[in-house]
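Please look over the model below before reading on. My notes follow as numbered points.

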Amino acid sequence: YSDLSKNLFSPRVRFTGILRAERFNKVLGFWIFLRGEHRPDLIPVVLVHGHVSGPRRLEKLANSLDPNRFEPWFCYFATGNDPEKSASLMRRSLSEMASRYHERRVVIVAYSFGGLIARRAITKNDDEVELPEVPLFITVSVPWNGSQDRMFTRERNNPPASWDDIVSGSSFLDGLFSTPLDQATAFHMVYGLGGRDRRSIPGEDDRILSEQSLSRVEAVVEAKSVRVFRHLDHLEIIEAPETIEHVTSLLDESFPGARNEDA
């Protein structure tokens, strides 16, 4: 168990995961953790953070979950890894957690870059890892078609490996939808367009991602619902009351009863 106030989740450690991913991997790997003792009567909700944000950015959402029905499982990983490696690590970690706690299903809520990792993790089928069922998959502001942000450029000194796959047209992004989600997985998309007319990104945007990336056709076709908050930008959306209310309503609709009634 871990307390999110610990220095382990400080910006310094998070940036180690971006700029010195191998060091982060040796210490933590792809870590899935709880804040307290596991309750088998609750449904696990796996929370996957974005490229810079870390688990603390998902704390407000976690605290808004119904404590009588849902148990937050926080992810923590080196976002400097190439996404394929992070997806494999997530599969292994999630499989081990589910096996340890005898969980046959989990919900996944993923933010930004974490949505790419989570989708690849649950559709990857070229290994022998056995995952729990994922009846509900919710993503918030995911760069489905990469980012045009000038931060992600190979011209910077020693950029992390993940940056090659964040830019539009990367082989990772081009192949992301080659394997569809399981038919039993209900997929819901959420994103914002409060970009304040940022001229460096074509069309409408959320200050970091273009609408074209946020609403990639393959993702929209696959989604059961798409909710757009036109006034929220990329950084504020994951903690905004509107987003949290929408995500919790999707959870309530999917699991209206107690755990033993819904099993």
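**Notes on the predicted model**

1. His188 sits in strand β6. Helices (H or I, at least four residues) and strands (E, at least two) are DSSP runs, numbered from the N terminus. His188 is buried, at 7% relative accessibility. Here buried means under 20% relative accessible area, exposed over 50%, and partly exposed in between, with a 1.4 Å probe and protein chains only. Leaving aside residues up to four places away in sequence, His188 touches Leu136, Phe137, Ile138, Thr139, Lys224, Ser225 and Leu250. A contact means heavy atoms within 4.5 Å.

2. A word on the source. The model is predicted, so local features need pLDDT of at least 70 and side-chain atom pairs count only at pLDDT 80 or more, while totals for chains, interfaces and linings use all residues. Residues are numbered from 1 along each chain as its sequence is written, and side-chain values use heavy atoms, with hydrogens and water left out.

3. Overall form. The protein has 11 helices and seven strands. Does the radius of gyration of 17 Å agree or disagree with a compact globule? It agrees, because a compact globule of 263 residues would have a value near 18 Å. The radius is taken over C-alpha atoms, and the globule rule is 2.2 Å times the number of residues to the power 0.38. Along its principal axes, the C-alpha trace spans about 50 × 40 × 35 Å.

4. Burial and contacts. Of the 263 residues, 56% count as buried. Take the contacts between residues at least 6 apart in sequence: 79% of them join residues at least 24 apart.

5. Surface and charge. The protein exposes about 12200 Å², and carbon and sulfur atoms supply 47% of that area. Accessible areas come from the Shrake-Rupley method with a 1.4 Å probe; for residues, only the protein chains shown count as cover. There are 33 positive and 38 negative charges, and their mean positions are 6 Å apart. Lys and Arg count as positive and Asp and Glu as negative; His and the chain ends are not counted. Each charge is placed at NZ of Lys, CZ of Arg, CG of Asp or CD of Glu.

6. Aromatic pairs. Rings of Phe, Tyr and Trp (its six-membered ring) pair if their centres lie within 6.5 Å; planes under 30 degrees apart count as stacked, over 60 as edge-to-face and the rest as tilted. By this rule the count is 12 aromatic pairs. Phe30 and Phe77 are stacked, because their ring centres are 4.8 Å apart and their planes lie at 15°. Phe30 is in the loop between α2 (21-27) and β1 (31-33), and Phe77 is in the loop between β3 (70-76) and α4, so the pair ties together parts 47 residues apart in sequence. Phe30 is buried at 7% relative accessibility, and Phe77 is buried at 3%.

7. Phe33 is buried at 2% relative accessibility; Phe74 is buried at 0%. Both belong to one aromatic cluster, formed by Phe9, Phe24, Trp31, Phe33, Phe74 and Tyr76.

8. How many of the residues of helix α5 (residues 113-123) are buried? The count is 11 of 11. Among them are Phe113, Arg119, Arg120 and Thr123. In helix α1 (residues 11-19), Val13, Arg14, Thr16, Gly17 and Ile18 are buried. The buried residues of α1 pack against α2 and β3.

9. Positive phi. His102 has a positive phi of about 55° although it is not a glycine. His102 lies in the loop between α4 (83-100) and β4 (105-111) and is exposed, at 72% relative accessibility. Arg207, also not a glycine, has a positive phi of about 85°. Arg207 is in the loop between β6 (186-192) and α8 (211-214) and is partly exposed, at 41%.

10. Ser178. Ser178 lies in the loop between α7 (171-174) and β6. Is Ser178 buried or exposed? Ser178 is exposed, with a relative accessible area of 61%. The C-alpha atoms of Ser178 and Leu209 are separated by 22 Å, and the two residues are 31 apart along the chain.
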